[in-house]
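Biologist: Could you walk me through this fold? I'd like to go from the overall build down to single residues.

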Amino acid sequence: MSDAPIPGPITDVHTALGATFAEFGGWSMPVSYSGTVAEHTAVRETVGLFDVSHLGKASVVGPGAAAFVNRCLTNDLDRIGAGKAQYTLCADASGGVVDDLIAYRVSDDEIFLVLNAANTAAVVAALQAVAPDDITVTDRHREFGVLAVQGPRSAQVLEAVGLPADMDYMAFADADLAADGRTCRVRVCRTGYTGEHGYELLPTWDDTAAVFDAILAAVTDAQGLPAGLGARDTLRTEMGYPLHGHELSLDISPVQARCGWAVGWKKPEFFGREALLAEKEAGPARRLRGLRATGRGVPRADCRVTTPSGTDIGLCTSGTFSPSLKQGIALALVDTAADVADGDTVLVDVRGRGLECEVVAPPFVDVRTR
């Protein structure tokens, strides 16, 4: 069996655009086209177009499907109605995070899920294991593509191609897009992973190339760029958004990752409820903090965090050079016993050298999602 990365629906399109590729979550993904900093800047100043079709897709269908999902995932689906989406988590019995995902409430009897690529099968299996006979949980990973249009001119881009743009944050609608001589059905959601005003589009797998080409033409007209995995990571790190496997994992709970807002604490039932309630009441042993370099250097994932006197107090989970701030930034799990506060100075061990960093509360840049 080959361990080669899985190609997405439009790998040939990215190759023609000059993209470089890397494996992520088992899939082959475009890392960059014109350079990460240029693509990052386009998203912050104009608009960028991402292909994130590696993301998993699944559906939960049947009588009371929404109520069933609400008994499984952490957030409270009853906070939203049909036509709205919600960030939520699938936890395990220990309170660890199997995956963080977006749940689309299509109706009381249908929930559509967008998941991380590597964790789709695990979440589907967890739901299938407890689903009643009249509820069907289906892995639809290769039935849909996912494109993200992000940036101040993202609404302009959608309007240019005839897709709905005037919707509330985390609302979604199904619409038709004329592309390549045919009509493509697309689900449009007002969300994203960059901190900018943006949308995620879900065409069918076979329509993804036609939709991408149509959107890219409008993005180009708006002085934007196609953007890859590199810019996606710098953008989300500036926002302090978690990445599964870094800020969330089976060993990092939502309480530790400051994602308690995505937990319906008053719900009587969800995966991992007892463990998470106990951790919340006792207080976590470590908590996610933001670090901003005050010296020259860039903190990276897995760098140790110490006090100025050298006491080990934590570990960076993500780190990068921030194109917006022109300095190094990081997210780090820091021991709560260290009693570190915003504004304090810590050191990050970067290749044996202590890099001074200020402890800050993410996001590192202004939020403009709404």
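Modeller: What follows is a run of questions and answers, going from the whole chain to its details. Keep in mind that this is a predicted model, where local features need pLDDT of at least 70, side-chain atom pairs count only at pLDDT 80 or more, and totals for chains, interfaces and linings use all residues. Residues are numbered from 1 along each chain as its sequence is written, and side-chain values use heavy atoms, with hydrogens and water left out.

Biologist: How many helices and strands does the protein have?

Modeller: Helices here are DSSP runs of H or I with at least four residues, and strands are runs of E with at least two, numbered from the N terminus. On that basis the protein has 8 helices and 19 strands.

Biologist: What is the radius of gyration of the protein?

Modeller: It's taken over C-alpha atoms, and the globule rule is 2.2 Å times the number of residues to the power 0.38. For 370 residues that rule gives 21 Å, and the protein comes close to it, so it is as compact as a globular protein of that length. The radius of gyration is 21 Å.

Biologist: What share of the residues is buried?

Modeller: Buried means under 20% relative accessible area, exposed over 50%, and partly exposed in between, with a 1.4 Å probe and protein chains only. Of the 370 residues in the protein, the buried share is 56%.

Biologist: Which residue is the bridge partner of Ser59 in β8?

Modeller: Strand β4 (residues 56-61) runs antiparallel to β8, and 4 bridges join the two. In β8, the partner of Ser59 is Thr138.

Biologist: Which strands make up the closed barrel?

Modeller: The barrel has 6 strands with antiparallel pairing. Helix α7 (residues 229-239) packs on this sheet, touching β16 and β17. The barrel runs β14-β17-β16-β15-β18-β19.

Biologist: Which residue in β16 stands opposite Val305?

Modeller: Strand β15 (residues 304-306) is joined to β16 (residues 312-322) by 3 bridges, and the two run antiparallel. Opposite Val305 stands Gly314.

Biologist: Is Met170 buried or exposed?

Modeller: Met170 sits in the loop between α5 and β10. Its phi is near 70°, a positive value in a residue other than glycine. With a relative accessible area of 12%, Met170 is buried.

Biologist: And Asp180, buried or exposed?

Modeller: Asp180 lies in the loop between β10 and β11. Its phi is also positive, near 55°. At 64% relative accessibility, Asp180 counts as exposed.

Biologist: Where is the cis peptide bond?

Modeller: Look at the segment after β19 (353-360), where Pro363 is found. Omega is about 5° for the bond, which joins Pro362 and Pro363.

Conventions: Pairing = 2+ DSSP bridges. Contact = heavy atoms within 4.5 Å. Axes fitted to C-alpha atoms, helices over the stretch in contact; angles between N-to-C directions.
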